[in-house]
Amino acid sequence: MSAHHHVEHAEHTEHIAHSNKKVALLIAIIALFLAFSETLGKSAQTSALNYQIEASNLWNFFQAKNIRRTVTIVAAEHAKVEALAAADPALKDALAKQIDTWTKTAERYRSEPEAGGGLGEGTIELSRRAIEEQHKRDTALARYHHYEIASAAFQIGIVLCSAAVVTGMMVLAFIAGGLTLIGLGFTGIGLFAPHAVHLF
C-alpha cells in the first residue's frame with residue numbers, strides 16, 4: 001500500500017469515526033425524546049383510565065338516583081288516586097302532604113345543584129358530569145395514541161441510526177432524522193392539539 005493510499009485510508013477512517021460520533025449523538029437525542037414520549041404516553045393512559053372509572057361511577061350514581069326518582073313519582077301518582085277516592089278529610093290532608101313531600105323529593109333527585117360540594121348530585125348534574133369525564137377520557141386517549149406513534153417513530157429512528165453505524169450508509173441516519181421530526185410533530189399534537197388529527 002503506497003503512502004498516498006495510507007493517507008486516504010486514514011482520512012476515510014477518520015471520516016467514518018466522525019460520522020459515527022454524529023450518529024451516536026443523534027441516537028442519544030432520539031433516546032431522550034423517546035423517554036419523553038413514553039412518559040407522556042403512560043401518563044395519558046393512566047388519566048384516561050381514571051376518567052373512565054369516574055365516568056362509570058357517576059353513571060352508576062345517576063342510575064340509582066333515577067330509579068329512586070321513578071319510584072317516588074310512582075308513589076306520588078298512586079297517592080293522588082287514593083286522595084281522589086278518600087272521603088275522610090283528615091286522610092285527604094295527610095295524603096296531600098305526602099304527595100307534596102314525594103313531589104319535592106322527586107324534583108330534588110332530578111336536580112340538586114348544591115349537593116356534592118357544589119358539583120350537583122341530581123340526575124341532570126350527574127349525567128352532565130359523567131359526560132364531561134367521558135370527554136376528558138377521549139382527550140387523554142387521543143393524546144395517548146399520538147404519543148404511541150411518536151414513540152414508534154423514535155424507536156425506528158434509533159434502529160436506523162444503529163444500522164447506519166454498522167453499514168456505513170449515512171442515508172439511514174438522515175431518514176432517522178426525518179422520523180425524529182415526525183415523532184416530535186406527533187408529540188406536539190398530543191400535547192397541544194390532541195383532537196386536531198384523527199387517526200383512530
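**View A. Tryptophan 59 and phenylalanine 62 in helix α1.** These two residues lie three places apart in helix α1, so about one helical turn separates them (helices are DSSP runs of H or I with at least four residues, numbered from the N terminus). Tryptophan 59 is partly exposed at 26% relative accessible area, while phenylalanine 62, at 18%, counts as buried (buried is under 20%, exposed over 50%, partly exposed in between, using a 1.4 Å probe and protein chains only).

The model is predicted: local features need pLDDT of at least 70, side-chain atom pairs count only at pLDDT 80 or more, and totals for chains, interfaces and linings use all residues. Side-chain values use heavy atoms, without hydrogens and water, and residues are numbered from 1 along each chain as its sequence is written.

**View B. Phenylalanine 33 meets phenylalanine 154.** With ring centres 5.8 Å apart and planes at 40°, this pair is tilted. The pair joins helix α1 to helix α3, across 121 residues. Phenylalanine 154 is buried at 1%, whereas phenylalanine 33 is partly exposed at 23%.

**View C. The largest nonpolar core.** This core has 15 residues, and Ile30 and Phe154 are among those with the most contacts inside it (a nonpolar core is a set of buried Ala, Val, Leu, Ile, Met, Phe, Trp, Tyr and Cys residues joined through side-chain atoms within 4.5 Å). Helix α3 contributes the most, seven residues.

Key:
Rings of Phe, Tyr and Trp (its six-membered ring) pair if their centres lie within 6.5 Å; planes under 30 degrees apart count as stacked, over 60 as edge-to-face and the rest as tilted.
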